[in-house]
Amino acid sequence: MTFIYLTVFREQKKGSSRCAAVAHLVPTWTTGKYRMDCYANENQVSVAALKTFVNALDLMPFKDDKITVVTNCHEFAWDMGLVLSGHQSEFLPKECWQDFVSKVSDNQMSFLQFRVTESSMMLPSEKAMAQEQIACMDWGFVL
C-alpha cells in the first residue's frame, strides 16, 4: 500500500495565478519520496494537483501497489473519483485527465489500484511538512 499526500498551495497575493503542489509518496514498506512542482500561470489549483500527481507516479518503485491519494484539493478529489469509476470529470477538462490515463496504461496499472479521499484524513503535520519544503525553494513568490 502506498499513500500519496497531495497538497496544493496558492500564492497569498490577491489575483495571482501562481501555485505550488507537493506529492508525498509514503509506501508502507520503505522510505518515502516527494515531488514538488511550481506553476506560474495555473488558474485552477486542481490542474496543478493533477499534473504533480501524474509526475509523482514515476517515483513509484512498484507499479502494482495499491495507492490511496489524500488531497486538500476538492475538485481534484471529486473528479478523480468520477474518472476512476468510469465517468466524465466535472471540474477539470477531459484533456487534463489524458496524461493520467496514459500513465496508468503505460505502467500497466489499473484504476482499481487507486482510491482517493479529501484532506479530512490529512494530518496538520503533513500539510506543515509540505509548506516547509515549499518555503525552502526560491520561486520568487510567497505561498
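1. On a 1 Å grid over the protein atoms alone, a pocket is an open set of points with protein on both sides within 12 Å along at least five of seven lines, and its lining residues have an atom within 4 Å of a point. Grid points are joined across faces, edges and corners, and a volume is the space filled by probe spheres set on the points. Going by that, the largest pocket here has a volume of about 160 Å³.

2. Before going further, a word on the source: this is a predicted model, where local features need pLDDT of at least 70 and side-chain atom pairs count only at pLDDT 80 or more, while totals for chains, interfaces and linings use all residues. Residues are numbered from 1 along each chain as its sequence is written, and side-chain values use heavy atoms, with hydrogens and water left out.

3. Back to that pocket. Its lining consists of Val-83, Gly-86, His-87, Gln-88, Ser-89, Lys-94, Trp-97, Gln-98, Val-101 and Phe-111. Helix 3 is the main contributor, giving four residues. By type, the lining residues come out as four nonpolar, five polar and one charged (Ala, Val, Leu, Ile, Met, Phe, Trp, Tyr, Cys and Pro count as nonpolar, Asp, Glu, Lys and Arg as charged, and the others, Gly among them, as polar).

4. There is also one cavity of 30 Å³ or more, a cavity being a set of grid points where a 1.4 Å probe fits but cannot get out. The largest cavity has a volume of about 30 Å³. Leu-25, Pro-27, Thr-31, Gly-32, Lys-33, Leu-59 and Pro-61 line it, which splits into four nonpolar, two polar and one charged.

5. As for the fold, you'll see four helices and five strands; helices (H or I, at least four residues) and strands (E, at least two) are DSSP runs, numbered from the N terminus. The order from the N terminus is β-β-β-α-β-α-α-β-α. Of contacts (heavy atoms within 4.5 Å) between residues at least 6 apart in sequence, 62% join residues at least 24 apart.

6. How many of the 143 residues count as buried? The share is 46%, with buried meaning under 20% relative accessible area, exposed over 50%, and partly exposed in between (1.4 Å probe, protein chains only).

7. Cys-19 sits in strand 2 (residues 19-27) and is buried, at a relative accessible area of 0%. Asn-41 is 22 residues away in sequence and 8.0 Å away in space, C-alpha to C-alpha.

8. Gln-113 belongs to the loop between helix 3 (94-106) and strand 5 (114-118), and it is buried at 11%. A polar atom of the Gln-113 side chain lies 2.8 Å from the backbone nitrogen of Ser-110. Neighbours within four places aside, Gln-113 is in contact with Lys-63, Asp-64, Asp-65, Lys-66 and Ile-67.

9. Is Phe-91 buried or partly exposed? Phe-91 is partly exposed, with a relative accessible area of 34%, in the loop between helix 2 (74-84) and helix 3. Its contacts, leaving out neighbours within four places in sequence, are Gln-44, His-74, Glu-75, Trp-78 and Asp-79.

Note on methods:
A polar contact is a pair of N or O atoms within 3.5 Å; within protein, one must be able to donate a hydrogen and the other to accept it, and residues adjacent in sequence count only if both atoms are side-chain atoms.
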